[in-house]
Amino acid sequence: MSGAGIDITKSLGVMVEIERSGMEYYAGRAAILPGYDHTPDSPATHGASTDLAKALAGTPSSLRRKGAIVSIPGRDVMFRMAAIGSSDPASVRAIVRLEVDTMTSGDVKMLASHQRIEAPDGTPMALIGVAREALVEHYAETLKHAGLSCVGFVPNPVALYQCYLMSGDLTYEGTMMVANIGETSTDVILVSGGNLILARTLNTGVEAIVERIATDVGTDHHQAREGLFSRVNIKPGVANENVSGDRVVLAAQDAAARLYAQLNSVITMGRAQLQAPGLDAGRIAICGPGASIRGMREFLMSRFRKTVDTLNPLSGLDTSKLDETAAATLKRYAYALAIPLGLARIAADGAAGTLVFEPPSLILRRIFFQRTVWLYAGMLVLVAALAAALVFSSHASTAASEVKRQASDLAAGYTAHHLALAPRPLPPGASVQDRVMAMAEVNRELLIAEQRLYELCEARRPGLDAVRLYNDLAASWPKDAMLTFYGLVPGAAASANPEPVVTIKLFLSNASPDIMKLYGSIRDTLKAHELVESVTPSVLTDVSDGSGKTATITVKLRDAGELFGEAREPQPEEAGS
């Protein structure tokens, strides 16, 4: 199963598609897109005139139509954790609804979603997210006008956790902090033994460091950003954090110190919310654009006094199916792939058990479809049944009319024959022998008429018997068997009496708990029918797509003599008796 995720920030957009096969994830198509600032004040139609829309037009149409899981900035989501004492879905929904009511107020419509997590001591909890309905719908409509179909929005911290599950160190049994230092915010999660225990978004990112440099040094934003990523190294010195005394380095370190303070406050917040005074992060992993700032890892390590690693989002992804150009592109933008890869993993896994916000318009379409699809399906089944009944009734009526006409013609001919053979006055002087010969002629003509009646019944018998057998089978036909062919075909030419036989072709679905038993019951039903003389089944053959098996059954009907009685040829002694 494959899925696509797209993370759109103010400066950069990244779309990634991954495919899941078993427990392995393979990199698929990827696109680097222009950034776009989600401004709720601008109309949604503005999305059609952006650079993002032009770039999306160049991506494969199948990728855009399929729909993607899109990131929603953590600053637009309110998070809360709640203990759940029961695994019953109804009880969990009631607890979540109660927590949401306490988080929201006023007439503003809100969307809520949750996913189950565990506290460090194993207590089952729910991570609840709440976002404004109008905001989510605006994001969806803006991207729709830009040419992208969205199937859901996931907060950045939740996507970061999915990336950690795919590319992080799951062998560490202690508590770990994972921070994605983005452009305008930093997404932070705490995991314990691989389980998510806390998710937060901080309003500090690379832009805060760039603005601090621009303000302190007196340069513009572009020069400050270029200097930060090309010349500045904020790694602390041996004797002092800023041995060179460079104002740029000092400004960057001061901004990074603010980031450290906010990261440290997440641990304090976790202790209060989880009621775990001893909670602390034994290791820290960083990713995102901020992780590519030289010296950032060492700076945070000196402040936290703990091991700080760099999380490579591509470490858990197989890129062997990509060409060299695509693989090089992913490697170049690896620092910005944590969120989009986490989103793509959610899409590939079907978003099961994940905190996802669905756009209200998508929810309304799904509800409408669920409420009306069965009505349309029932209507189609009814129309098909009526059409089949009408066709079958028309054919049966035509056949009955033909039989009735032939029987009427035969009866008229038989009556005429009797009238023609009625005793006629013999000429005067006729002998007894003449009378006997006349009676013998009458008997011979009667036997000829009976033989003709038999031949007519014999000619019509196979078709009428086949129709009767079909009607009897339809009354008790099993639901897991499909009749793909039913008809009269010529019998074997090498046989002594090559009569037509009924050929039945079946499709037996794998939905049946026992296909062999189902096949045997169909054969037994045919053998027990009064019109059937013998049944010749074939072996079951597997269908190429694995959905079931096919078989062919040849049915020989009983002879006319067994149903109507044997006809007799006129014998000379009968004619002379």
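This is a predicted model: local features need pLDDT of at least 70, side-chain atom pairs count only at pLDDT 80 or more; totals for chains, interfaces and linings use all residues.

Reader: What makes helix H5 roughly perpendicular to helix H11?

Author: H5 (residues 156–167) and H11 (residues 338–348) pack at an angle of about 80 degrees, with their axes 7 Å apart. Angles of 65 to 115 degrees count as roughly perpendicular, and therefore H5 is described in that way relative to H11.

Reader: How do you know which residues make the contact between H5 and H11?

Author: Contact requires heavy atoms within 4.5 Å. On the H5 side the contact is made by Asn156, Ala159, Leu160, Gln162, Cys163, Leu165 and Met166. H11 contributes Ala338, Ile339, Leu341, Gly342, Leu343, Arg345 and Ile346. By class, these residues comprise 10 nonpolar, three polar and one charged.

Reader: Why are S5 and S6 called edge strands?

Author: The open sheet has three strands in the order S5-S7-S6, with antiparallel pairing. Strand S5 (78–83) and strand S6 (110–118) each pair on one side only, and they are the edge strands. On average, neighbouring strands of the sheet are turned by 25 degrees against each other, direction ignored.

Reader: How do you know that S6 and strand S7 pair?

Author: Pairing requires at least two bridges between two strands. Nine bridges join S6 to S7 (residues 124–132), and the two run antiparallel; S6 and S7 therefore count as paired. One of the bridges links glutamine 115 with leucine 127 in S7.

Reader: Which helix lies across S5, S6 and S7?

Author: Helix H3 (residues 89–103) does, and it runs at about 135 degrees to S5.

How values were computed. Residues are numbered from 1 along each chain as its sequence is written. Side-chain values use heavy atoms; hydrogens and water are left out. Axes are lines fitted to C-alpha atoms, for helices over the stretch in contact, and angles run from 0 to 180 degrees between N-to-C directions. Helices (H or I, at least four residues) and strands (E, at least two) are DSSP runs, numbered from the N terminus. Angles under 35 degrees count as roughly parallel, over 145 as roughly antiparallel, 65 to 115 as roughly perpendicular and the rest as oblique. Ala, Val, Leu, Ile, Met, Phe, Trp, Tyr, Cys and Pro count as nonpolar, Asp, Glu, Lys and Arg as charged, and the others, Gly among them, as polar.
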